Amino acid sequence: MKFNITIYDKYIFKQVLAATSVAILLFIIVWIAPEILLKVIKHIITGETTVKTGILILLCEIPKILSKAFPMGLLLGTLFTFDKLSKDSELTIFRAVGMSFKRIVAPLLVLSAIITCLCFITYDKLIPYSCQKLNAVKGYSSSITQFIYTTKDKNNYPKEAVIVSRYYKDMMSDVIVMDFDNEVYDDLHGLKRVTIGEKGYLSKTNDGQSSWKLGNVTIYNIDDDGIFNMIKKIPEKHIMLGDVSQRAYSLMINATKRDREITNKDLHKYVNLLKQENMDEEYRLNLNKYYQRFFHPLVCMLLAVLGAILGFSKPREQRLIGFVIAIAFIFAYYVTLPFFDYLAEKGALPPLLTALLPPIGFLVAIITFYKSKDI
């Protein structure tokens, strides 16, 4: 069926676009002004940063705000537009000439589809890129303290534990390697060797195997009584030979980042790696975050339809009712997201379900209000 663009479509599209743009802009200003802007201005005044750097910091913060501003702005922009059309009796005229609700919201769905795509791109590309640039502008890279990776035998007993005290860019500092004894004492394992490297990085051995190469190495051998019976120093030592070194390195790199700093492709790889390493809680949490990357943008379309329905009101109906309900939905959505993350992490609900529940909730709200307003 061919869809013809009419004057009505252009009119509604422009009206909703204008109202949504204003709502998004106001949200960005309100979000950035209290803390981020004041902090940047303070650093500029005290000379801790330049005006150029301050502007770059503000620009890098915008994509993170946009991810929340898109759905909220679309909901409020749509609600404002359709509420105004109701108060001016324009919606009554549209219905009188035979336009169905589906036809009335058709241009709105086109706009919401565009904003949904923008929201998806923001999560997948803009936010990770802006986080990377923000770290560069501020002059630091992601770093962690005490990353721990343990290799186990076929009986699931620990063979080796590697502790990285600090990771900065491509260099590891103060790497501690604890080799466990094969003999198990009840639920404890004895140590047979402790190796400490002042620095380390991902490398290859002479025969081409991937490994972690430690420099300025000190080795402590431990006897059955827990006494160091031999100490020696060597210039370098390769540990974790083979694929395990790549897996451990990938885990360490991603452990330094928040999920928003990772693209969809890299987040998917990280999720698979967590599953492979049997890191169940981290796997479920990040799988939930991965699913949210796809369902959160779709919320934009649901909120647009919800805003249109809430905007349908009688001439003497209180205008604030729709806006109060809309703000309540937005507040409930962002407040409950951490709760669903926790349910996914602890395994109370499958990650796919925890990511789907908010959109399902909005869909139920749409159906409920649609029937109650008898549109």
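**Close-up views of the predicted model**

View A. Phe312 is buried, at a relative accessible area of 12% (buried is under 20%, exposed over 50% and partly exposed in between, with a 1.4 Å probe and protein chains only). The loop between α7 and α8 holds this residue; helices (H or I, at least four residues) and strands (E, at least two) are DSSP runs numbered from the N terminus. The model is predicted, so local features need pLDDT of at least 70 and side-chain atom pairs count only at pLDDT 80 or more, while totals for chains, interfaces and linings use all residues. Residues are numbered from 1 along each chain as its sequence is written, and side-chain values use heavy atoms, with hydrogens and water left out.

**View B. The largest nonpolar core.** This core (buried Ala, Val, Leu, Ile, Met, Phe, Trp, Tyr and Cys joined through side-chain atoms within 4.5 Å) has 56 residues, and Phe82 and Ile104 have the most contacts inside it. Two or more of its residues come from each of α1 (7-45), α2 (51-87), α3 (90-96), α4 (101-138), α7 (280-311), α8 and α9. The greatest contribution, 13 residues, is that of α2. Another core lies apart from this one and has 28 residues, including Val175, Ile219, Leu251 and Met252.

View C. With neighbours within four places in sequence left aside, Ile104 is in contact (heavy atoms within 4.5 Å) with Tyr8, Phe82, Leu91, Phe94, Arg95, Met99 and Phe312. Thr81 is found in helix α2 and is buried, with a relative accessible area of 4%. Residues up to four places away in sequence not being counted, Thr81 touches Gln15, Val16 and Ala19.

View D. The whole structure contains 14 aromatic pairs (ring centres of Phe, Tyr or the six-membered ring of Trp within 6.5 Å; planes under 30 degrees apart are stacked, over 60 edge-to-face and the rest tilted). Phe329 and Phe369 make an edge-to-face pair, at 6.2 Å centre to centre and 75° between the planes. The pair connects distant parts of the chain, 40 residues apart, with Phe329 in helix α8 (residues 320-345) and Phe369 in helix α9 (residues 351-373). Phe369 is buried, at 19% relative accessible area.

**View E. Cysteines without a disulfide.** The count of disulfides (cysteine sulfur atoms within 2.5 Å) is zero. The sulfur of Cys60 has its closest cysteine sulfur in Cys131 at 8.7 Å, which is too far for a bond; Cys60 is buried, at 10% relative accessibility. For Cys117, the closest cysteine sulfur is that of Cys300 at 9.9 Å, again too far for a bond. Cys117 is partly exposed, with a relative accessible area of 47%.

**View F. The largest pocket.** This pocket holds about 1,200 Å³ of space; a pocket is an open set of points on a 1 Å grid over the protein atoms alone, where a 1.4 Å probe fits, with protein on both sides within 12 Å along at least five of seven lines. Its volume is the space filled by probe spheres set on the points, which are joined across faces, edges and corners. The lining (residues with an atom within 4 Å of a point) numbers 43 residues, of which Glu61, Lys64, Lys68, Arg258 and Arg260 lie nearest the centre. At least two lining residues are supplied by each of α1, α2, α4, α7, α8 and α9.
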